[in-house]
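Trainee: Please show me the structure, so that its chain contact may be discussed.

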Amino acid sequence: MDTLVNVAHGFGVALLPINLLYCFIGVFIGTLVGVLPGIGPISAMSLLLPVTLSGTPESGIIMMAGIYYGSMYGGSTTSILVNIPGEAASVVTCIDGHQMAKQGRAGPALGIAAFGSFAAGTFALVALMLVAPKLASIAIAFGPAEYFSLMVLGLVVLTFLTQGSMPKALLMACIGVVLGLVGLDSITAQPRLTFGRMELIDGIGLVPVVMGLFGVAEVLLNTEQAIKRDIINTKITHLLPSREDWKASAGPVGRGTILGFFLGILPGGGAVVASFASYALEKRLSKTPERFGHGAIEGVAGPESANNAAAGGAFIPLMTLGIPPNVVMALLLGAFVIHGLQPGPLLITQNPGLFWGIVASMYIGNVMLLILNLPMIGMWVQLLKLPYNILFPLIILFTILGVYCSSNNVFDVYVMIAFGIIGYFMRKLGYEPAPLVLAFVLGPMMENNLRKSLILSQGDLWTFVQRPISGACLVLALVLLTAPLLPSLRKKRELVALDEGA
Amino acid sequence: MNDPTNVKLRLSNSELWGGLIGLALGGFVIWSGLKLKLGTINDPGSGYVLFYTGILMCVFAGAIIVSAVTEGGPTLASRWEDMRWSKPLLLIACLTAFSFALEPLGFLLSSIPLMLLLLRLIDPVRWTLAVPIAVLVPSGMWWVLKRLLLIQLPSGLFGIG
């Protein structure tokens, strides 16, 4: 009963005209960046992070969340019609989605991707409503040792799932922690790594770092090669899947939804892993696995449902524990912090309007996305023809303006350009920026919790092992750290490794 | 058959360079941690976490170096093989020049040439389209930010913008 009252309260907040507008802007931009290859939700969210300053916390966070789950919808359009994934979570959809389009079945492929995403998004929201308050009430009992170990686990899982060698990912995570510690020490107020620059006393801003690493670096990388697009030119018809299509897709949608939701909750996991796992599961369960790769609708329905369910599930650790499970959620945490809010176990009780408002807006956003992605599909197809030689300079200009407006400080523009150049060379040398960004956000929290637990336990390191949740997290982290040493596990890791840590 | 793009103990090994940079950074972080004072395990100081993170950085960088030497790694040149490497290089040069020009020239005088350069350098947009975009977009953004949102953009030594 309480949940229903809270949901009604949430809809009251989400249905305010201003919040509806922000929700629409969020899902629209999300679909846009999902559709356009080369720009992912991370770049778009980092670009728009300063915009959240102008409105209420509800409006800003509703918009940011909309970009994330909106991009999951939009990504499938590009995968199906162009055979280029709009964002990392839609890589798998290319395999069978584009084959379906080539066979003249682009309509049913787009239709099942949208309906499957809608069903999965709805399930994830209902589950979020039921699970989050319960988990938050348990999380109140968490001490600094549990928080520290959970963050360590989150970082290790992300580095485990990042493409390329694990030492590289771990090195990136360490650099992220160090960058996060720049500025005044929160306990002793001693300046650290500021090199005498007053601008660094408050630390390095999240906005210039992510805009540089994901916005500028992405443009630099994309300019290296001419982007060729092979757009399906036939008219898109029959967006409503046939009865046979529904019959074949019902199971994959259901399994993908459940699998995606649980993988989304796990720290370090997310939409990309979920879509790959769902595809593998459907292929394994199919009586005719040879159809996969040649236009099997199950290969679209499962992964698309899984990535949307994962996007919903990823909100749970952030909202209930205050720990972002992936980079996108780290950016959302940044939006909370900008407004002086701290997501965590007390958010639901202290700020119910915000929590339930965001959850309700996600439901409204899912309905908006269904309308945006089916009847208006023609508009997105036209957008796919937007020339990149005009788009990229505009992105650069918007990143400069976005960074400057977030702090009114030219120094941040320098920081962004520097991180853009560093990010470009990092990617060229095979160093993924995702662990760095997550560690940058978690670094100060990890340090704080580590020092608090050491002070409370009077220097007894066993406190991290003796407390069951903390101990379990550390053991799991250790297993993941040592896993790549075993050849069979190393192969498995390479199979599930993701591109951007999304 | 030997792959010429994969080398072991050579200066052109990109993995080796990545590891060495990581090792140097790790060393610097350890030194910074020591300088900030470690404190004790009962009461960790400001440099405590930095120091141990620096050690971890050196360990991971060491692992990268060992792997680069034993298994080999792609050469620096092969990382840019078949790529239009001059495009990002030009873009980096433009952004660096822009960062030096932003404060003295102000937003408008620095961003209009930047846009024009980017539009002409990446995949050249024809002049008749590039010039209006390069002038109108920064000017339009400047107008929205300054007049509507009352955000003061850098106006430079000439006070333009």
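This is a predicted model: local features need pLDDT of at least 70, side-chain atom pairs count only at pLDDT 80 or more; totals for chains, interfaces and linings use all residues.

Mentor: Residues are numbered from 1 along each chain as its sequence is written, with chains lettered from A and ligands numbered from 1 in the order in which they are written.

Trainee: How are α19(A) and α4(B) oriented, parallel or antiparallel?

Mentor: The axes of α19 (410-428) of chain A and α4 (86-121) of chain B come within 10 Å and cross at roughly 165 degrees. Angles over 145 degrees count as roughly antiparallel, so α19(A) is to α4(B) roughly antiparallel.

Trainee: Into which classes do the residues of the contact of α19(A) with α4(B) divide?

Mentor: A:Ile417 and A:Tyr424 are among the α19(A) residues that meet α4(B), where B:Leu95 and B:Glu103 are included (contact: C-beta atoms, placed from the backbone, within 7 Å). Ala, Val, Leu, Ile, Met, Phe, Trp, Tyr, Cys and Pro count as nonpolar, Asp, Glu, Lys and Arg as charged, and the others, Gly among them, as polar. The division is 10 nonpolar, 2 polar and 1 charged.

Trainee: Which helix gives the largest share of the side of chain B that touches chain A?

Mentor: In total, 50 residues of chain B are in contact with 47 of chain A. Helices α1, α2, α4 and α5 of chain B each supply at least two residues of that side. The largest share, 12 residues, comes from α4(B).

Trainee: How far apart do the C-alpha centres of domain 1 and domain 2 of chain B lie?

Mentor: An automatic or database assignment sets the domain bounds, with domain 1 at 6-79 and domain 2 at 86-148. Their C-alpha centres are separated by 38 Å.

Key:
Axes are lines fitted to C-alpha atoms, for helices over the stretch in contact, and angles run from 0 to 180 degrees between N-to-C directions. Helices (H or I, at least four residues) and strands (E, at least two) are DSSP runs, numbered from the N terminus. Angles under 35 degrees count as roughly parallel, over 145 as roughly antiparallel, 65 to 115 as roughly perpendicular and the rest as oblique. Two residues are in contact if their C-beta atoms, placed from the backbone, lie within 7 Å.
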